[in-house]
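Hi,

Here is the structure I promised to pass on. Have a look at it first, and then read my notes below.

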Amino acid sequence: MISAQQLTERPRLSINEFSRRLGDYKRWRDELIEIINEYQTWVESHGLASGDENLQLYELIDALRSDKLTIALVAEFSRGKTELINAIFFADYRQRLLPSEAGRTTLCPTELRYDENEPPCLKLLPIETRKTPTAIAEYRRTPSAWTVMPLDLDSPKKMAETFQQITKSKSVSAHQAEALGLFHPRAEATAYLLNSDGTVQIPIWRHAIINYPHALLKQGLIVLDTPGLNSLGTEPELTLSMLPNAQAVLFVLAADTGVTKTDFEVWTNHVCPARTGKDSGRLVVLNKIDALWDEMSNETAVATAIAKQVQETARILGTSKNQVLAVSAQKGLLGKIKMDYALIERSGIPALESRLSSDILPARKELLRERMIHDIGSMIETTNAMIEARVKAVSDQIQELQALGSDNRDAVQDLVNRLRDEKQRYDQTLVSFQQTRAVLSDQVKILLDYLSVEAFDVVAGKARQGMSESWTTPGLRESMKSLFDGALDVMEKTNKQTLQIRSLVQSIYGKFHSEHGLAKIKPVNFSLLPYRSRLQKLYEEAESFRNSPMMIIMEQHFVVQKFFATLVDQARAIFSECNAAARTWSKAIMAPILSQVREHKILMDQRLENLKKVHENFDHLDDRISELESNRQNLENQQLVIRNMLRKINQPLPTDC
Ligand SMILES: Nc1nc2c(ncn2[C@@H]2O[C@H](COP(=O)(O)OP(=O)(O)OP(=O)(O)O)[C@@H](O)[C@H]2O)c(=O)[nH]1
Ligand SMILES: [Mg+2]
């Protein structure tokens, strides 16, 4: 039995659960930013900052600040994607905000997000822009290309009216529709667009962005609603970039239709973990289970029927039944509008919200945490090692001075001589270090040349030419293969090069450590794995497009050209990201040794200065020793601060978020 109190508490928690967890996630991210800021101020005030490290820290803070979490909804038309968005994200408006109707409703991909630098509005990109070679990503940077409609936040009714835009279509001649790549007389998948008078019904808009100050969107959530995917009208960017980059994809099915042939195709081509290589954050939502409630009056019979359909869905899709969640978006929305908690529970929406939080947020957090540990963990470790070296140097000096006893000028002179020798040897090492640095910078140049966008453009140019000369399936395959083989070959060479650089740096560190007692530091690693696997996935995506029936009909068409052009763009973007990461790495790998080398020289000069003073006047000895001791105390305090930061960064994530 559920008590009355539980009844009022549980649903309230469930309605806001995703929102609460997302809030926790944002707070956690803000704390990370604070730690980095604290570290940055700290290193600066202790004279330990270097320009390159500072830059890296700024980049990291920027990445954390602009971190977004995208949830995409993918399905055949009319499965209830938009209704699900209304039920999960917009129920507090107590009405259906986004248009959800029978038949094809959402006609263009619609992004819900919030950018505080812009007023609340609906931005629409006209369908005619498809004729241009410009990608949507580029249009995002061209405000004048969009039609902007303001949103009246005080009037949900007016907002809902404005949102009707994303359902708008118009009739054009078959010829015009074909020119936009939306219709093809021989393509079965586009036959439904044909009107009885021979005209073709096409969407007015190509892409929509809703800029809306909803609490979740303010916290960095982006919701991507998609129209049913048919491979002709679908933007290549959607399948090659937006969907693969979404942290979560909800694949929506309807209980009254089951898994149809087209549902299965959408699943296989765009969501299925085996194809996309992503299994975290891919959930199947079996919607409209209320259809089964109506059919059966007995609660147990309903539960059994739903469980059976969940099992059957999982079997057909080849996924586990845990990944399938049965819901009724419509009843969930209705329950929230009427505050009917029993209906909300029964709709299964709270269970879905809970899964969204428990599956996606921790995975995202772990990823960010790994990046943090990788990027600044090693920086802080190095700072720690440097302070340790300072403590050791000060302790050695104290011992040195304490061992002198009083008035032993010869011993002081001895020490001065020894130190001068040491300094001389160190200077010699520095000369050979400068030579090694020159070799190293040549090696880094080779590395960056391999990964340069210009070098990629040579490979891409050949492939593009090959593609445009032969728009036949085997010809395309050849060019595409040469592009990816070329790209993977570069990655292979790059990998070898990074290993070589790392071992060179390791030998430099080793030499300074063994010959001059500098702190032992492990040079940071550079992994090409993420870039390689993204390239590989892109290649597979292209292969599946090349093998699709649409491709055979559409040979020579600009839609095909556009797909492959987008493919090349994506590969180029991966290359340029990899290049930027390699550049940062090549600086980060040398930063610790450079600051240590500088530091060691200063320390030796200080020691020499100290000894000279004592040599001149033995009365200074005690003052020197107590000065050094307070120095050591200071350093030990610094060590505590830095170790504490290291602990904060490395601590495991709290289990509850
Ligand atoms: N019975 C029932 N109907 C639902 C449910 N969810 C959505 N519907 C109805 O199904 C129809 C399609 O819903 P939409 O939300 O427009 O579906 P969609 O997947 O966004 O469809 P497109 O925008 O065309 O791709 C609408 O009439 C909804 O009212 C549900 O849980 N139960
Ligand atoms: Mg829709």
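**Around the ligands**

Lysine 81 places a polar side-chain atom 2.8 Å from an oxygen atom of ligand 1. Please keep in mind that this is a predicted model. Ligand 1 has 21 residues around it, of which Ser78, Thr82, Thr105, Thr106 and Asp290 come nearest.

Threonine 82 belongs to helix H4 (residues 81-89), while threonine 106 sits in the loop between H4 and strand E2 (110-113), so the pair links parts that are 24 residues apart in sequence. Both threonine 82 and threonine 106 are buried.

**The sheet behind them**

The model has an open sheet of 9 strands with mixed pairing, in the order E4-E3-E7-E2-E8-E1-E9-E10-E11. Strand E4 (147-150) and strand E11 (324-326) are the edges, each pairing on one side only. On average, neighbouring strands of this sheet are turned by 20° against each other, direction ignored.

E2 and strand E8 (residues 221-225) run antiparallel and are joined by 3 bridges; here leucine 112 stands opposite valine 223 in E8. H4 lies across strand E1 (69-74), E2, E8, strand E9 (248-254) and strand E10 (282-287), and runs at about 155° to E8.

Best wishes

Methods: Residues are numbered from 1 along each chain as its sequence is written. Chains are lettered from A and ligands numbered from 1 in the order in which they are written. This is a predicted model: local features need pLDDT of at least 70, side-chain atom pairs count only at pLDDT 80 or more; totals for chains, interfaces and linings use all residues. Side-chain values use heavy atoms; hydrogens and water are left out. Helices (H or I, at least four residues) and strands (E, at least two) are DSSP runs, numbered from the N terminus. Buried means under 20% relative accessible area, exposed over 50%, partly exposed in between (1.4 Å probe, protein chains only). Two strands pair if DSSP finds at least two bridges between them. Axes are lines fitted to C-alpha atoms, for helices over the stretch in contact, and angles run from 0 to 180 degrees between N-to-C directions. Contact means heavy atoms within 4.5 Å. A residue is near a molecule or strand if one of its heavy atoms lies within 4 Å of it. A polar contact is a pair of N or O atoms within 3.5 Å; within protein, one must be able to donate a hydrogen and the other to accept it, and residues adjacent in sequence count only if both atoms are side-chain atoms.
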